[in-house]
Amino acid sequence: MCIRDSINPTSNASATNFLVESISAGVTVLYANTTSSGTAVLLNDLNTLAVSEFFVVGGAAWSIDSSLGTYLLVAESVDDYLISLPIAWWSDGDNPAIQLARAIHAENLRPENQLDTGYLLGLGAADLGREALGAAIDRSGSANVKGEDVLEQLAVLEDYAVMGGLYTLDYTAGNRSPTFLQLWQVSNSLDWVPLGTGGEIPDFTVDDD
């Protein structure tokens with residue numbers, strides 16, 4: 001069973017009713033698709049109500065960042081929180097995309113707290129745009145390139161390793177979903193520990209026929 005709820009961005013936000021309803025309905029997995037402040041509301045209530053043992057708790061990559069500790073009542077509340085990530089992460093020092101990202105980060109004198117998901121996705125988007133624009137220029141010439149030309153080049157991308165390995169895109173079959181997923185476990189110091197080596201995401205496409 002799936003139960004959906006939202007958390008109002010207020011200082012007295014609460015997930016208590018949602019948690020009680022989830023327990024009553026037999027829900028065992030909680031997945032947060034929110035920013036850190038919303039995730040903290042969920043984790044705080046799980047800890048305050050002492051019901052963490054009823055659930056496996058996790059969320060999207062953006063559901064936790066360096067600001068989470070500001071909102072948590074107890075640091076240990078985040079223990080065992082799971083992150084699903086369809087891209088390489090900063091700790092993967094052997095990945096050429098991460099090496100490039102760290103070099104760009106250092107060259108631009110960015111602070112350590114910007115070693116986050118948003119920075120990686122921004123760099124990836126810039127590389128993807130460069131690749132599509134470059135292909136459009138090669139095809140049409142720089143003076144004649146239009147937005148439609150760039151879009152056409154994106155649509156024919158096949159097994160393109162963004163930044164050399166941040167993630168791989170293949171738009172040739174009309175698929176816009178990630179191809180790889182890695183699970184990470186978060187500690188109360190907000191360190192991310194990989195669970196396994198990750199793997200390909202199965203094709204869940206439903207055949208209308």
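**A walk through the chain**

Reading from the N terminus, the elements come in the order α-β-α-β-α-β-α-α-α-β-β-β-β. That makes 6 helices and 7 strands in the chain, where helices (H or I, at least four residues) and strands (E, at least two) are DSSP runs, numbered from the N terminus. Before going further, keep in mind that this is a predicted model, in which local features need pLDDT of at least 70, side-chain atom pairs count only at pLDDT 80 or more, and totals for chains, interfaces and linings use all residues. Residues are numbered from 1 along each chain as its sequence is written, and side-chain values use heavy atoms, with hydrogens and water left out.

Now for the overall picture. Along the principal axes, the C-alpha atoms fill a box of roughly 65 × 55 × 35 Å. Of the 209 residues in the chain, 33% are buried; buried here means under 20% relative accessible area, exposed means over 50%, and partly exposed is in between (1.4 Å probe, protein chains only). The chain exposes about 12,600 Å², with carbon and sulfur atoms supplying 53% of it; these areas come from the Shrake-Rupley method with a 1.4 Å probe. Take the contacts between residues at least 6 apart in sequence, and 60% of them join residues at least 24 apart, a contact being heavy atoms within 4.5 Å.

Charge is next. There are 7 positive and 28 negative side chains, and the centres of the two sets lie 12 Å apart. Lys and Arg count as positive and Asp and Glu as negative, while His and the chain ends are not counted. Each charge is placed at NZ of Lys, CZ of Arg, CG of Asp or CD of Glu.

What about the inside? In soluble globular proteins, nonpolar side chains tend to be buried together. In this chain, the largest nonpolar core has 46 residues, and those with the most contacts inside it are L30, L42, L46, Y81, I83 and L166. Helix α2 (residues 36-48) gives this core its largest share, 5 residues. Such a core is a set of buried Ala, Val, Leu, Ile, Met, Phe, Trp, Tyr and Cys residues joined through side-chain atoms within 4.5 Å.

Let's look at two residues up close. Leaving aside neighbours within four places in sequence, L46 is in contact with L19, L30, V51, S52, F55 and V57. T39 sits in helix α2 and is buried, with a relative accessible area of 0%. With neighbours within four places in sequence again left out, the contacts of T39 are A32, T34, S63, I64, L68 and Y81.

Helix α1 (residues 16-25) has F18, L19 and S22 as buried residues. They cover an arc of only 95° around the axis, so they lie on the same side of α1; the arc is that of the directions from the helix axis to the C-beta atoms. N17 and S24 are exposed on the other side of α1. The buried residues of α1 pack against β1 (29-32) and α2. Just after α1, G26 takes a positive phi of about 80°.

Finally, two non-glycine residues also have positive phi. D159 has phi near 50° and lies in the loop between α6 (147-155) and β4 (160-162). M163 has phi near 55° and lies in the loop between β4 and β5 (167-169). Which of them is buried and which exposed? D159 counts as exposed, at 54% relative accessibility, whereas M163 counts as buried, at 9%.
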